[in-house]
Amino acid sequence: MSTATSSPSRRWPCSRLFFSLACAEAVVMVPLSTWAQLDGGPPGLLGAGHGMEMLFGLAPMLIAGYLLGPQTPARLWGLTLPWALGRWQRLFASAPFALSGWDLLAGMLLAALLLPRLRHARKWRNRVGLGLVPWLCLTPLLVWWLPPPWPRLATVIILAALLAFMGGRIIAPLAAAAWQQRGEVLRARVQPRLEGLLLIIFGLAWGSAWRYPVLTGLLLNALGALVLARLWRWRLWSVPRPDLWLLGQGYGWLALGLSGIGLALISGHAITTPLHGITVGALGSLSCGVMARQAGPRHRGWVPPHRPMVAVLVLLNAAAAARWGAEIAPSWLLPAASLCWSLAYLTLLLLLHGRPRSLKTENSP
């Protein structure tokens, strides 16, 4: 006897797949770009090509893994395939600014999957903050249509705004829960007024980047101060949680990177050096802090194991500092930064897939 039942389409959690791809991307592509700069490796990873790979290769997988819920296999592989082809084409690109149509396709698919989430956002801050995600996914269009260096600066401002918004939404509840476990109350959580002010100033900085670099620099310095003030009010240094320290480190590097880019624009210098405060220090630390939470059971009280988190924290801090100083210091700092970056993401990749029983109980009371 058979009964006809209409079963819903099977959906898979996408965080494990996309976070693993992001870690593999970070482990492999950054050393290849270092090789390209030192010894004539893939020309598509030279200079601006390396930055484009970070923005269009690493960032989309991080965004997809964090924001996309369970998806059908067709959607998962439909997004993964053009992204992977874009990475392959980047390795054989003839110039740093050569952008593959696969990157554009992957960005459009990811934006289409994320746009429905905007309908559920009621407050304007949530709409603007979540709206940054599809906008960042479509930034390859800026590279195609507009001459450098404005597309790079505009994309970095969007990325920094997204890190400031999403980073605050991630850190605030975790910090509040950590303080609550100590029997204390953290009054400064999301800090909505400060968050709204940040989003407004980010919009002004993005709009002025086209013609007014000095004004943009002043706005970015103001943003750096506001981000640092928000971080200070969370008081993460008083909580014995390396996973929260890692997230706070990323927020601190975001403030430093914004201020560094602002000073470079005011003084008329290139933004390449302070740019790594955002792409290495902020993006690396915040992304690793978020992905580490996927390594254990999905319940609210689980805390990532301390020792791997301390290792990742130290490695990423060293990578950001070495990469910042590589422009004006000995050339060995560049491969040192690449090595620290790759080891940090390799540690995280092993944490995501190893998951031995001891990791689940290491922080148990």
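I noted the ground rules next. The model is predicted, so local features need pLDDT of at least 70 and side-chain atom pairs count only at pLDDT 80 or more, while totals for chains, interfaces and linings use all residues. Residues are numbered from 1 along each chain as its sequence is written, and side-chain values use heavy atoms, with hydrogens and water left out.

**Fold**

I looked up the secondary structure and found 14 helices and zero strands. Helices (H or I, at least four residues) and strands (E, at least two) are DSSP runs, numbered from the N terminus. I then checked burial: 54% of the 365 residues are buried. Buried means under 20% relative accessible area, exposed over 50%, and partly exposed in between (1.4 Å probe, protein chains only).

I also looked at contacts, meaning heavy atoms within 4.5 Å. Among those between residues at least 6 apart in sequence, 79% join residues at least 24 apart.

**Core**

Which residues touch the most other members of the largest nonpolar core? I found Leu58, Leu254, Leu258, Ile261, Ile278, Trp341 and Tyr345, out of 104 residues. Helix H7 (residues 150-181) gives the most to this core, with 20 residues. A second, separate core has five residues, including Ala322 and Leu333. A nonpolar core is a set of buried Ala, Val, Leu, Ile, Met, Phe, Trp, Tyr and Cys residues joined through side-chain atoms within 4.5 Å.

**Tyr345 and its ring partner**

I listed the contacts of Tyr345, leaving aside neighbours within four places in sequence; among them are Cys23, Leu58, Cys288 and Leu316.

I counted four aromatic pairs. Trp341 and Tyr345 form a tilted one, 4.8 Å centre to centre with 45 degrees between the planes. Rings of Phe, Tyr and Trp (its six-membered ring) pair if their centres lie within 6.5 Å; planes under 30 degrees apart count as stacked, over 60 as edge-to-face, the rest as tilted. Trp341 and Tyr345 are about one helical turn apart, because they sit four residues apart in helix H13 (residues 333-354). Both are buried.

**Cysteines**

I found zero disulfides, a disulfide being a pair of cysteine sulfur atoms within 2.5 Å. Cys288 is buried, at 1% relative accessible area.
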